[in-house]
Amino acid sequence: MTSPAGLTASFGRRRVYWQAGVCLAVLLGALYLARRHWPAVESGAGRLAVADQGWLLVGAAAAVGTWAASALAQQGAVVRRLPGPRLIAAQFAASAANHLLPAGLGAGAVNLRFLMRCGLPAGRSAGALAVKATAGATVRLALLALLAPACPGLLRLPRIPPAVLAVALGVAVLVAVLLATPLWSRCRRALGAVLADIRALHACPARAAALWGGSLAFAALHALVLIAVTRAVGLPLAPLQVALLYLAASSAAALLPTPGGLGSLDAALAFALTAAGTPGAAAASAVLGYRLLTVWLPLLPGLLVLGVLVRRKAL
């Protein structure tokens, strides 16, 4: 008879295989779209090569700021004071690891190990990550709600195919079934622990300000990166419009478990920009520039920092 540990390991392997399969399918789809629209991609790359260097530097500075904002939000999710330089280095390393594993597993693993190395129990560390993720999602939804009325008609919901509705209905039924199983009691206890952590954090105004301020700055700085790139390549979109398109595209891309949103976020950003009236080549140059500043340029240094942190047993 299989032991509980063996069942857990088997379930974990199946989950990893499933996530890897979905990730591979999305990336292959992105490669197919890139090949199909290669002239627009090639033209976008050429347009980016002659873009305004000043605006690209603004985007690069905003990209660097996202790591500090992430560190601020992570500190806000923990009552205990964390070592500042190591915290920022961990966020830089986590951003690189996040582009190697699906569904944010890389960043989650790095931050979990960092918090545990700082003396937090595993449960509290996982709860801190959940608090930070909840605050980030709440801030994004709030920003979407605030910016949407300022840009009327910019966001157009696509027609939802019947197959997607059927899948959504199936997921809802599955959730309802899970709520009736003993698994729900475990989920409820975990949720209760997270809510208790949130109440404890908000009893300390400094931690609450760091959590929500860092989460807001993180989303705003990522939007600023895209705004700077669109300015650099001469896209005729207002900054508020670009920010709203970024928030909508990144929220949609979060539903697909690809490493760092690779493929899913690129497609969502390109679709959002072209749906707003941007030519295909200009949209491709904006997406390429955004990815260059937030992923490709910091990737190797981030992995080097990750290696140093592991070697020094800071993770």
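Modeller: Let me start with a definition: helices are DSSP runs of H or I with at least four residues, strands are runs of E with at least two, and both are numbered from the N terminus. By that rule, this predicted model has 12 helices and zero strands in its chain.

Colleague: What pattern does the chain follow when read along the sequence?

Modeller: The pattern is α-α-α-α-α-α-α-α-α-α-α-α. Of the 315 residues in the chain, 38% are buried.

Colleague: How do you know which aromatic rings to call pairs?

Modeller: Ring centres have to lie within 6.5 Å. Searching the whole structure with that rule gives two aromatic pairs. In one of them, the centres of the Trp 67 and Phe 92 rings are 4.5 Å apart, and their planes meet at 45 degrees.

Colleague: What makes Trp 67 buried or exposed?

Modeller: Buried means under 20% relative accessible area. Trp 67 has 18%, so it counts as buried. Phe 92, at 15%, is buried by that rule too.

Colleague: Why does the pair of Tyr 246 and Tyr 290 count as an aromatic pair, and what kind is it?

Modeller: The centres of Tyr 246 and Tyr 290 are 5.9 Å apart, which is within the 6.5 Å limit. Tyr 246 lies in helix α10 (residues 239-253) and Tyr 290 in helix α12 (residues 280-311), so parts 44 residues apart in sequence are tied together. Both tyrosines are buried.

Colleague: What makes Asp 266 and Arg 291 a salt bridge?

Modeller: A side-chain nitrogen of Lys or Arg must be within 4 Å of a carboxyl oxygen of Asp or Glu. Here the N to O distance is 3.2 Å, so the pair qualifies. The count by this rule comes to one salt bridge. Asp 266 sits in helix α11 (residues 264-275) and Arg 291 in helix α12, so the bridge links parts 25 residues apart in sequence. Arg 291 has a relative accessible area of 4%, so it is buried.

Colleague: How do you know how the span of helix α6 compares with the expected one?

Modeller: Helix α6 (residues 122-147) has 26 residues and reaches 38 Å from its first C-alpha to its last, close to the 38 Å expected at 1.5 Å a residue. Its buried residues include Ser 125, Gly 127 and Leu 147.

Colleague: Why is Ser 125 called buried, and what is it in contact with?

Modeller: Ser 125 has 0% relative accessibility, under the 20% limit, so it counts as buried. Leaving aside neighbours within four places in sequence, Ser 125 is in contact with Leu 112, Leu 115, Met 116 and Leu 120.

Colleague: And what makes Leu 224 buried, exposed or partly exposed?

Modeller: Its relative accessible area is 32%, between 20% and 50%, so Leu 224 is partly exposed. Leu 224 is in helix α9 (residues 205-232). With Trp 55 and Val 58, Leu 224 makes a nonpolar surface patch of about 220 Å².

Notes: Residues are numbered from 1 along each chain as its sequence is written. This is a predicted model: local features need pLDDT of at least 70, side-chain atom pairs count only at pLDDT 80 or more; totals for chains, interfaces and linings use all residues. Side-chain values use heavy atoms; hydrogens and water are left out. Rings of Phe, Tyr and Trp (its six-membered ring) pair if their centres lie within 6.5 Å; planes under 30 degrees apart count as stacked, over 60 as edge-to-face and the rest as tilted. Buried means under 20% relative accessible area, exposed over 50%, partly exposed in between (1.4 Å probe, protein chains only). The expected span of a helix is 1.5 Å times one less than its number of residues. Patches are made of residues with over 30% relative accessible area and no salt bridge: like charges are joined within 9 Å, nonpolar side chains (Val, Leu, Ile, Met, Phe, Trp, Tyr) within 5 Å. Accessible areas come from the Shrake-Rupley method with a 1.4 Å probe; for residues, only the protein chains shown count as cover. Contact means heavy atoms within 4.5 Å.
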